[in-house]
Amino acid sequence: MSNNNMETIQYHEMIQYVKEKLLQYDQAQSDGKNIVQYNRFDHTMRVYHWMQILYVGFPQKEQIDIEALSVATIFHDIGYCEVENIHNHAAIGAEYCREYLKQNNYDTARTDFICDLIARHSDKKNMYDIPMELVLLREADLLDDTGAQGLVFDIWMETACKRDVSFESILKHMEKYTVRLMQDNPMRTEKAKEIWEEKRKLTETFVKSYRKDLQGPENM
């Protein structure tokens with residue numbers, strides 16, 4: 001069996017393990033994103049997809065430990081399985097990953113590095129003076145639930161949380177969350193900056209058109 005096939009099987013087993021653990025979060029009825037049945041495992045797979053796009057677009061690939069980055073991305077949100085303590089999900093997730101890797105005889109030094117990436121992935125404020133693997137993981141995480149998806153999420157949350165929903169209240173929700181989030185580009189790598197800018201332009205174009213529609217024919 002080739003090394004590539006072995007890695008594919010290995011990642012598949014990790015993904016299945018994470019999926020089973022996150023069922024505890026995805027089936028819970030709690031505050032926040034679960035109000036709208038937000039699927040944390042699906043989020044994990046989308047982040048994994050964004051990570052691959054950013055890795056392919058990164059010119060200095062020799063600097064990246066892609067195995068460590070892949071494993072960290074798969075496990076980055078597993079800590080949400082402890083539904084009562086989701087605010088500490090990064091630290092909890094690092095411990096779940098450490099136990100899994102230990103049981104599967106992973107190299108200790110690489111395990112430490114992977115778990116450090118998971119433990120630090122939630123702090124999105126600093127994109128410098130950190131390993132590039134952490135940069136790519138943070139960027140991939142930020143790219144999910146933004147742009148068009150962010151606008152749909154705004155509608156989803158507004159309609160789920162209120163009874164007196166209106167076109168105007170949805171617009172205010174978009175302006176408060178996705179529009180404000182997209183104003184500044186937090187990315188470091190060129191590929192991530194490019195994708196973020198595309199999402200920002202789409203967001204601004206949609207909201208501008210939506211706002212214009214709500215003004216009525218007399219204001220057009």
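The model is predicted, so local features need pLDDT of at least 70 and side-chain atom pairs count only at pLDDT 80 or more, while totals for chains, interfaces and linings use all residues. Residues are numbered from 1 along each chain as its sequence is written, and side-chain values use heavy atoms, leaving out hydrogens and water.

**Stop 1: helices 6 and 9**

Select residues 132-143, helix 6, and residues 190-215, helix 9. Helices here are DSSP runs (H or I, at least four residues), numbered from the N terminus. The two pack at an angle of about 15 degrees, with their axes 11 Å apart. Axes are lines fitted to C-alpha atoms over the stretch in contact, and angles run from 0 to 180 degrees between N-to-C directions. Helix 6 is therefore roughly parallel to helix 9 (angles under 35 degrees count as such).

Now show the side chains at the contact (heavy atoms within 4.5 Å). From helix 6, Glu 139, Leu 142 and Leu 143 meet Ala 192, Ile 195, Trp 196 and Lys 199 of helix 9. By class, this contact has 5 nonpolar, no polar and 2 charged residues. Ala, Val, Leu, Ile, Met, Phe, Trp, Tyr, Cys and Pro count as nonpolar, Asp, Glu, Lys and Arg as charged, and the others, Gly among them, as polar.

**Stop 2: a pair within helix 9**

Stay on helix 9 and select Glu 190 and Lys 193, which lie 3 residues apart, about one turn of the helix. Their side chains meet in a salt bridge at 3.7 Å, N to O (a side-chain nitrogen of Lys or Arg within 4 Å of a carboxyl oxygen of Asp or Glu). Glu 190 is exposed at 59% relative accessibility, and Lys 193 is partly exposed at 29%. Buried means under 20% relative accessible area, exposed over 50%, and partly exposed in between (1.4 Å probe, protein chains only).

**Stop 3: Arg 110**

Select Arg 110 in helix 5 and Glu 67 in helix 3, 43 residues apart. Their salt bridge has an N to O distance of 2.7 Å. Glu 67 is buried at 18%, whereas Arg 110 is partly exposed at 28%. Arg 110 also meets Asp 65 in a salt bridge at 3.2 Å. Asp 65 sits in the loop between helix 2 and helix 3, 45 residues from Arg 110.

**Stop 4: positive phi**

Select Asn 105, in the loop between helix 4 and helix 5. Its phi is positive, about 60 degrees, although Asn 105 is not a glycine. Most residues other than glycine have a negative phi. Asp 129, in the loop between helix 5 and helix 6, also has a positive phi, near 60 degrees.

Methods
Parallel < 35°, antiparallel > 145°, perpendicular 65-115°, else oblique.
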